[in-house]
Amino acid sequence: TFRWQPLLHRGWAVVIGMWRGGGDHTPEWEDAGRCHGREQELEDAEAVVRAAQDVTGVSPEKTVLYGRSAGGLWVGGLVAKYPDGSLAGNAYMEVPYLDVLRTTTNPRLPLTLIETDEFGLPAQRVADFASILKWSPMELLDTLKEVKVKQIIRTGLNDSEVFAYESAKW
């Protein structure tokens, strides 16, 4: 709570969502948010944000999306989907994984080999490639002209899975 205390004192709320794809429920729940289920994961995340805003009365301007590592996928996805700040005016990402298509099609990178159950094999399967095009934050961001969401992006120089340049590409 210490990390979030300054925001809480200023009328912000902290909400932790658990949606499809996370390992906090059943194996079926986890699988439902993987590969071709990523679009539903973004829908779940958006629904949690909107419900939290309704319950707490916190406006989009005082809403911060937070994600670390693979959590950057849903944060980046929602920033790209709502670049005008109408869902959330702020985003804070730590060592975010954002460029799924280029990473998962490069067999020399560490996440490519260990995350095929999570992201499929887009270099070999057209359906996996097409699915990633629909939800990957970098692919969504490429279609935008202006992003009004304020962002803080921290990277890790010694992260063995999400390299520092991943944040710089965003």
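Residues are numbered from 1 along each chain as its sequence is written. In this predicted model, local features need pLDDT of at least 70 and side-chain atom pairs count only at pLDDT 80 or more, whereas totals for chains, interfaces and linings use all residues.

Strand E2 spans residues 90-94, where strands are DSSP runs of E with at least two residues and helices are runs of H or I with at least four, numbered from the N terminus. Five of its five residues are buried, that is, under 20% relative accessible area with a 1.4 Å probe and protein chains only. Asn90, Tyr92 and Glu94 lie on one side of E2, with Ala91 and Met93 on the other.

| E1 | 64-68 | parallel | five | Tyr66 |

The largest pocket holds about 980 Å³ of space, a volume being the space filled by probe spheres set on grid points joined across faces, edges and corners. A pocket is here an open set of points on a 1 Å grid over the protein atoms alone, where a 1.4 Å probe fits, with protein on both sides within 12 Å along at least five of seven lines, and lining residues have an atom within 4 Å of a point. Of the 43 residues lining the largest pocket, Gly17, Trp19, Tyr66, Gly67 and Trp74 are the closest to its centre. Helix H3 (38-56), E1, H4 and helix H7 (116-119) each give two or more residues to this lining, and H3 gives the most, with seven.

How values were computed
Side-chain values use heavy atoms; hydrogens and water are left out. Buried means under 20% relative accessible area, exposed over 50%, partly exposed in between (1.4 Å probe, protein chains only). Two strands pair if DSSP finds at least two bridges between them.
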